[in-house]
Amino acid sequence: MAEPSWAELTQECLTNIFSRLTTEQRWRGPMLVCKLWLRAATDSSLFSHFNLEPRFDSTPTESPAWWSPQFEAKIDSMLRSAVQWSLGSLSLIRIRHCSDSSLQLVAQGCPNLEVLSIKSCANVTDRSMAKIALGCQKLQEVDISYCHEISNVSLSLIGKHCPNIKTLKRNFFNTLDPSQQKGIVPDSYLSACPQDVDSEAVAIAKFMPNLEHLELCFSKLSAKALTLICKGCPNLKYLDLFGCVNLTSRDIVNATSSLENLEIRKPNFYIPRSVFHTERYGHWRLYDERFQTDIFRI
């Protein structure tokens with residue numbers, strides 16, 4: 001007796017099979033075979049999550065091409081399609097390099113969204129994030145790391161309208177060793193890094209009282225701003241301050257003294273040899289004395 005061919009499988013069977021593939025695998029495989037497979041691969045049940053992070057993480061280093069308008073347009077197109085196919089069921093989005101245009105569609109069509117990670121989005125601004133805050137009020141986790149056009153305005157709105165926020169990731173590029181981004185991230189974008197991070201801290205402290213996980217790597221956060229966050233977010237369980245050059249060990253101890261069972265990633269620094277052998281030697285020696293740490297490897 002001959003085995004049934006793939007052509008004889010029902011859409012329900014195909015959808016069940018495709019559910020075992022990653023987002024990228026479905027996009028590059030079944031969707032390109034035939035109309036039947038396309039319908040099965042775009043079934044709404046497959047789009048409760050839209051996660052491209054494994055694809056980005058699989059590459060050892062970022063590509064300069066990711067910062068091009070052409071790549072952004074491709075990501076936007078994929079995200080718009082995912083929102084359309086999900087029929088409102090999307091609860092998780094993890095992407096990079098999208099823009100305001102696709103995020104505005106997310107705000108309109110994803111009322112059940114709980115996780116939004118949009119790292120390294122050069123053209124995401126407060127305009128679309130304001131719509132996200134109003135349209136996706138079930139958000140529990142937001143990652144806006146390396147998004148320089150997002151400000152304290154967005155953080156305030158998200159905090160006001162999304163009371164279930166438990167995780168916020170607002171990391172910045174490594175300013176201690178800029179060579180990590182040299183030739184990859186456009187210089188004009190690096191130079192536009194937000195400077196008024198203390199205003200963002202005020203927004204976090206005032207509007208995100210249920211926060212449990214906060215990442216602020218390489219932020220220029222001040223000791224006063226850190227104290228505000230710790231007072232305004234009494235449920236904090238994890239705080240990442242790696243690379244925060246303006247904070248001393250004493251600042252951290254004083255600010256977090258009232259928080260029990262708090263895990264802290266402290267702002268220890270690795271100083272590249274090329275940086276150490278410059279006229280700024282005294283500047284780095286000052287950090288060594290402030291933190292009294294053996295993390296420095298010359």
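Because the model is predicted, local features are reported at pLDDT of at least 70 and side-chain atom pairs at pLDDT 80 or more, whereas totals for chains, interfaces and linings use all residues. Residues are numbered from 1 along each chain as its sequence is written, and side-chain values rest on heavy atoms, with hydrogens and water left out.

Aromatic pairs were assigned to rings of Phe, Tyr and Trp (the six-membered ring of Trp) with centres within 6.5 Å, and were called stacked with planes under 30 degrees apart, edge-to-face over 60 and tilted for the rest. By this rule there are 7 aromatic pairs. In one of them, Trp 67 and Phe 173 are tilted, with 6.3 Å from centre to centre and 50° between the planes. This pair links distant parts of the chain, 106 residues apart, since Trp 67 lies in the loop between helix 4 (53-57) and helix 5 (69-86) and Phe 173 in the loop between strand 5 (167-169) and helix 9 (187-191); helices (H or I, at least four residues) and strands (E, at least two) are DSSP runs, numbered from the N terminus. Trp 67 also forms a tilted pair with Tyr 189, at 5.3 Å centre to centre and 50° between the planes, and here the partners are 122 residues apart, Tyr 189 being in helix 9. Trp 67 and Phe 173 are both buried, as is Tyr 189, where buried means under 20% relative accessible area, exposed over 50% and partly exposed in between (1.4 Å probe, protein chains only). Ring pairs join Trp 67, Phe 173 and Tyr 189 with Tyr 146 into a cluster.

Salt bridges (a side-chain nitrogen of Lys or Arg within 4 Å of a carboxyl oxygen of Asp or Glu) come to a count of 9. Glu 53 is bridged to Lys 119, with the closest N and O atoms 3.3 Å apart; Glu 53 lies in helix 4 and Lys 119 in strand 3 (residues 115-119), so this pair ties together parts that are 66 residues apart in sequence. Both Glu 53 and Lys 119 are buried. A further salt bridge joins Asp 240 and Arg 265, again with the closest N and O atoms 3.3 Å apart, and ties strand 7 (residues 238-240) to strand 8 (residues 263-265). Asp 240 is buried at 4% relative accessible area, whereas Arg 265 is partly exposed at 36%. The charged end of Arg 265 also sits over the ring of Phe 242, 4.2 Å from its centre (the criterion being NZ of Lys or CZ of Arg within 6 Å of the ring centre and within 35 degrees of the ring normal).

The largest pocket holds about 520 Å³ of space, and of its 26 lining residues the closest to the centre are Glu 62, Arg 96, Tyr 146, Phe 173 and Gln 181. The second largest pocket, with a volume of about 320 Å³, is lined by 11 residues, and helix 5 gives the most to this lining, with 4 residues.

Conventions:
1 Å grid on protein atoms, 1.4 Å probe; cavity = no way out; pocket = protein on both sides within 12 Å on 5 of 7 lines; lining within 4 Å. Points joined across faces, edges and corners; volume = space filled by probe spheres on them.
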